[in-house]
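Let's take a walk through this fold, one piece at a time. Have the model open as you read.

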Amino acid sequence: MKRVIIIFLLICWCLAPVNAQAVRFSNLNGQEFSYQELMSAPKTVFLAWAVWCVYCRRELERITKQCEFFEDVEVYFINVGDKKSAVKKFVDSRGYKDCIREKIILDRDLFIAKKFNITGI
């Protein structure tokens with residue numbers, strides 16, 4: 001009976017919703033953001049990507065050629081699950097400008113991916 005209770009409590013703990021305000025993200029420059037801060041703009045676009053994803057890398061190349069995006073739209077490049085060192089190495093090898101580097105958000109714990117039901121890249 002004790003095992004059943006412990007397993008039940010463990011499952012409840014794992015499935016408990018995470019407070020979005022408590023989750024913090026950082027960009028490559030070390031600046032931290034909360035989920036609420038990322039979503040505070042009236043129009044926000046999240047582009048999920050990973051270092052190992054060939055298609056993602058091609059899209060990043062096309063999108064990041066210029067630092068100007070749409071007016072009144074916040075664009076964030078959400079890296080899904082990669083280590084900061086791998087992302088930094090990739091970004092350095094591509095020579096992305098600072099205006100792009102500061103928009104790359106590291107989602108190491110896959111919070112945003114789970115929040116938006118991203119199951120594959």
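Start at Arg 101, which sits in helix α5 (residues 98–101); helices here are DSSP runs of H or I with at least four residues, strands are runs of E with at least two, and both are numbered from the N terminus. This is a predicted model, where local features need pLDDT of at least 70, side-chain atom pairs count only at pLDDT 80 or more, and totals for chains, interfaces and linings use all residues. Residues are numbered from 1 along each chain as its sequence is written, and side-chain values use heavy atoms, leaving out hydrogens and water.

Is Arg 101 buried or exposed? Arg 101 is buried, at 10% relative accessible area (buried is under 20%, exposed over 50%, partly exposed in between, with a 1.4 Å probe and protein chains only). Leaving aside residues up to four places away in sequence, its contacts include Asn 27, Lys 88 and Asp 92 (contact means heavy atoms within 4.5 Å).

Now for the sheet. Five strands make an open, mixed sheet in the order β2-β1-β5-β4-β3 (a pair needs at least two DSSP bridges). β2 (32–34) and β3 (44–49) are at the edges with a single partner strand each, so one side of each has no neighbour in the sheet. β1 (residues 24–27) and β5 (residues 104–107) run antiparallel, joined by two bridges, and Ser 26 faces Leu 106 in β5. Helix α4 (residues 84–94) packs on the sheet and touches β1, β3, β4 and β5.

Last stop: Ile 118, in the segment after α6 (111–115). Ile 118 is partly exposed, with 33% relative accessible area.

Terms used: Axes fitted to C-alpha atoms, helices over the stretch in contact; angles between N-to-C directions.
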